[in-house]
Amino acid sequence: MKNPLIKLLAVILCLSLLLTGCGDKKKEEQNQPVSADLPPEEYVGTVTLWHWDAKSVEVCLEDFNKVYPNIKVEVVGAPGDYVDSLRNSIAGGLELPDMVMMDTTWRGELMEWGIFEDLSKEPYSLDTSIFLDYIVPTLYSTKGELITVPWDVGICGLAYNKQAAKKWLGTDDRKELEAMLPTWEAFAQKAAEIQEASDGKAYMTASAVPMMTIIANQDKSPLVVDHTLQIEKIQDNLKTMIMLRDAGAFRALKDQSPGYLASINSTNYIFWHCAPWVVPFTLVAYANKVEDSFGMIIPPEGPSISGGAGVAIVSRGKTEYQKMLAYKFLEWFLCTEQGAWSQRKNNDFYIHVKKAYEDPEYVAYGNMLFGQQDLGKIWFNEMVGELMLRPTTEVDRYIYQSDCHVAQQMAEKKDLTFDELWPMWASAYNSNEPDGYMIPKEAYETE
Amino acid sequence: LTLFKKKKKTLHARINFWGKLFFVPFAVAFLAFGLFPILYSLFLSFMEYDGIRPMKFIGLENFEWVFIGDGAEGFWRTVLNVLRIMVVYIPLNLIGALLIALIMFNRRTRPKRLMQVMCFLPSVTCSVAVGIIFALLFDYDLGIINKLLMRWGFITENINWMGSAFPAWCILLLMMCWGSWGSTSLQFLGGLGGISDEIIEASIIDGSNYFQRLIYVILPSIRNVFLFIVINGFIGTFQIMDQPRMLFSSWAVTNTIGWGAADSMVFTPAWMLYNMAYSATKLGRAAAVAYAMAMVSLVFSILNFKVLLRSWKEGE
């Protein structure tokens, strides 16, 4: 070893071996089972969360760190195509976040990827009875693993422009409107009347897609039974939409398009879907700031949902300790009353902790646009008990995409019949090649 | 003499060394972002793979799916769509860009710089932004086009531009031409600048007017540029996705992927590839669609090249 370069290389090699050994040892230690009942300050470390609205989490972290001072949560702003980022990270062998937010559309599919922790098992043993009952069926994968912890509530009513309602329906009183519109048939009938009275200018609502979402989510029966897609249910929803379209209930404005958002201030449109997140992000953001100009009713045929995210803990490549840190964050943030209050106070978000709704102060939700109306009471005292969601399936996204596609098409081309729309729906669905759930061609192709 | 020889060799070696060194960044970038993805997607096209679960070798099944299986109808429809776009877009692009280039090339054009900037600006504008601008212009309810037509009394009810197949197709063509005239005219300008002054002067002395010069002197002199633009236009059009997707997919935030406007008239092979990779998450099939696209594109390019070359030669 006369050459100094060789000596140096030998030293570097020894040091790196030593450090690698240390790393492995530490990882091994962290991979030992961890108790879920340690004092909060004994959980030490950093966890990452991918979330599309990082700010809304960060404002609550101060409250979380009062209880868990040694857990640092890094919130990474995940873009709209977070699923692509996640898939690319997996395919590229890159480090995954500890927790991932999942929107309702992708949730069913993501839960089947096999990269998330089953929270029904030890050491977590998450009890789902703490959550609002309606959400529970959506938290499980098709294999029965408890993957999702529910985040914000998507329970959905129908907001109405009071001036438009008075002008076209003759009243802006909530109870009178609910009595006037008990079913979608009654809704369609009124739509036809106001179309005639307005010379085709006034519509019940501006866009077909939110209407389709409300109708599709009102039915709680499973869409997949024994590995078979229940196409009759989808066809029934299509038929209801066609009835509404033919009555002139909705216009062809694209959901969330500038035209749709501008329609909020027009007296030619009466209703908009209204989940808790819609109030700040759509109505307050785009409506003229006129006090008591809006109201909310329960939709015809009962409550529905629109949106509402969940979050899961990544198990692939994570140590037991790391997963426990992530769980401790979710446990406090989404499963306790303190977490619920923190999000209510900082973001006006409602989460699914059942116990929090025992407090009328937590439930109460008002906004200048809605005057004295307490939206929280309608959502959580009147609607939530009637609502139940169907179990999540791995083809939810394809169903939703096909629903949106066909709803928009039928709104744009008013002469499309069921016999044309159903094949359109089925081919849009099949174009995603859902393994094992393809609709056979004979079920939608006619000679 | 020996000393001189040695020096010459050293200089050659040094040039060689620097040449290789400057070549390294390109070579690395090409290997990593060019050759590797090409080879890897070829490898993927024989696999069943969703990016999550392990890959499975399935031989030629993906190609069978694209060319003769369940995917064939969709794939050939997208090819037909893109051919329909091409037949109109390439001539429009050539004519529009040539006119712009001729105006720019004229010494009397004023203000030249401003015109150059105005013509070239669309080419450097992000195609996503262009898509959004056009979607806003032709919006059913708020679009300025409908508003103007209504104000001038041409229409009494808003036209659903994006929701009807033919208008949607026209808007896409307009958007593509608007976006490409600037860069194509630059290529023409390069060709026009290469025409020798002597030839032009000779034709003037022979008494030709401007249009005779254009037809018999200028255009034949830049025929190679034409050939280049046509072949490039063909390949480029075959790959379009971002403009129609931005124009015809639903607005941001929604989860709809889109199938190319009414009657899927602007649904292109590249868009199908994207949907297959990111919506259906079948990366093997997406890779097979990519290779199918390349094969069809190659066949048409060769045909194109042969036909155009023959016609040029006959013209000579």
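This is a predicted model: local features need pLDDT of at least 70, side-chain atom pairs count only at pLDDT 80 or more; totals for chains, interfaces and linings use all residues.
Across the interface of chain A and chain B, two salt bridges are found.

Residues are numbered from 1 along each chain as its sequence is written, and chains are lettered from A in the order in which they are written. Local features need pLDDT of at least 70, side-chain atom pairs count only at pLDDT 80 or more, and totals for interfaces use all residues, while side-chain values use heavy atoms, without hydrogens and water.

## Extent of the interface

The contact (heavy atoms within 4.5 Å) involves 37 residues of chain A and 36 residues of chain B. About 3,000 Å² is buried between the two chains, 51% of it from carbon and sulfur atoms; this buried area is the accessible area (1.4 Å probe) lost on putting the two parts together, summed over both. Of the area that chain A buries against chain B, 19% comes from Arg87(A), Lys254(A) and Glu433(A), more than from any other three residues.

## Helix 5 of chain B

Within helix 5 (residues 127-137) of chain B, the buried residues are Ser127(B), Val130(B), Gly131(B), Phe134(B) and Ala135(B) (buried: under 20% relative accessible area, 1.4 Å probe, protein chains only; helices: DSSP runs of H or I, at least four residues). Viewed down the helix axis, these residues fall within an arc of 135°, so they line one face of the helix; the arc is taken from the directions from the axis to the C-beta atoms. Their cover includes helix 7 (165-193) and helix 11 (242-248) of chain B.

Key
Buried means under 20% relative accessible area, exposed over 50%, partly exposed in between (1.4 Å probe, protein chains only). Helices (H or I, at least four residues) and strands (E, at least two) are DSSP runs, numbered from the N terminus. A salt bridge is a side-chain nitrogen of Lys or Arg within 4 Å of a carboxyl oxygen of Asp or Glu.
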